[in-house]
Amino acid sequence: MGYKIDNVKVNEILSELSKEYDIYAPKRFKKQGRYSDTDIIRYDIVTKAEEIVFDEKSDFPAKEVLSPITQTLYYFTEDEYRESKANSKKILIFMRPCDVAAMEHQNKIYLQNGGFCDTFYARLEEKIKIVLMECTTGWDTCFCVSMGSNKTNEYAAAVRAEEDGWKVEVKCGCLAPYFTGEEVDFTPEFITQNEIKVTIPEIKDKKVLNALKKHPMWKEYDSRCLSCGACTIACATCTCFTTTDIVYNENHNVGERRRTAASCQIAGFTDMAGGHSFRPTAGDRMRYKVLHKFHDYKARFKDYHM
């Protein structure tokens, strides 16, 4: 079922949805970008349609909702611990097709990794309903068509933002009571061609893989890469994390255990007891990340590339 809904009614619907759902979408944060006079767009809770950025690419992915940069897992005292509590509200996320594809990859890591299910990820993932943001043009840095992440059917509702309101397709019965308006024929369209086209290399055997590992191109990153880890924080499919115990100052036997996003690009990430490091240089770390995206993940899950 499709509806044409004017801007006033859209905000009324979002207000009603907010009673049951935390609504996340790409949101602009003014003067909080890379430089003092630039903005940044990242996922955060929204309450009005005007807050949702449809016409610009977000700087950070939707994964921050499901796997926050910092997340408390447990609270502990000297003789006991308890699991942190999840928000009782459901979650509605406005996502583009590429974000939905990235979430599917995250699900494989956190929910289907050799039979292991990450409790803290799962308790959020089961609350989520996706509102698909129609994306038909993309941007000059996109190559979703080459990656097969330009289309999806995995959504509860889909939205096309127009000047005078939204066109909405509602697929999930749980959202149907919220949406009323002029009935129209609407299904989302998807981008079919990017400015950038990428040909995905096939690594057919170990001989080719070993040759790639020794290729001199990786040494370029020893001087070009700062090893800051920003690329993995901004990557929709990176999932590495570390855990840290935070001890409260007033009582050194009380604290919390936090999960914090980590990066294979940071020096020391692979350090072991005794001082051994598997990937000591920036080039080694970049090689690992790239081959993981285009070979290791596919070999492990027998699926498409990350």
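1. Basis of the values. Residues are numbered from 1 along each chain as its sequence is written, and side-chain values use heavy atoms, with hydrogens and water left out. As the model is predicted, local features need pLDDT of at least 70 and side-chain atom pairs count only at pLDDT 80 or more, whereas totals for chains, interfaces and linings use all residues.

2. Overall form. The protein has nine helices and 12 strands (DSSP runs numbered from the N terminus: helices H or I of at least four residues, strands E of at least two). Its radius of gyration is 22 Å, close to the 19 Å from the globule rule for 306 residues, so the protein is as compact as a globular protein of that length. That radius is taken over C-alpha atoms, and the rule is 2.2 Å times the number of residues to the power 0.38.

3. Of the 306 residues, 43% count as buried, meaning under 20% relative accessible area (1.4 Å probe, protein chains only). Residues 24 or more positions apart account for 69% of the contacts with a separation of 6 or more, a contact being heavy atoms within 4.5 Å.

4. The largest nonpolar core has 26 residues, and L14, L17, I23, F94, W166, L175 and F179 have the most contacts inside it. Such a core is a set of buried Ala, Val, Leu, Ile, Met, Phe, Trp, Tyr and Cys residues joined through side-chain atoms within 4.5 Å. Among the elements giving two or more residues are α1 (7-17), β2 (21-29) and β6 (90-95); α1 gives the most, with four. A second, separate core of 19 residues includes Y24, Y110, I128 and A158.

5. Residue F94. Leaving aside neighbours within four places in sequence, F94 contacts residues including L14, I23, V131, V159 and W166.

6. Residue Y178. This residue is in the loop between β9 and β10 (182-184). Beyond neighbours within four places in sequence, Y178 contacts I13, E16, L17, E20 and Y21. The C-alpha atoms of Y178 and E12, 166 residues apart along the chain, are separated by 9.4 Å.

7. Residue F29. Located in strand β2, F29 is buried, with a relative accessible area of 18%. Neighbours within four places aside, F29 contacts D39, I40, R42 and D44; the C-alpha atoms of F29 and D39 are 5.7 Å apart.

Notes
Buried < 20%, exposed > 50% of the residue type's maximum accessible area, 1.4 Å probe, protein only.
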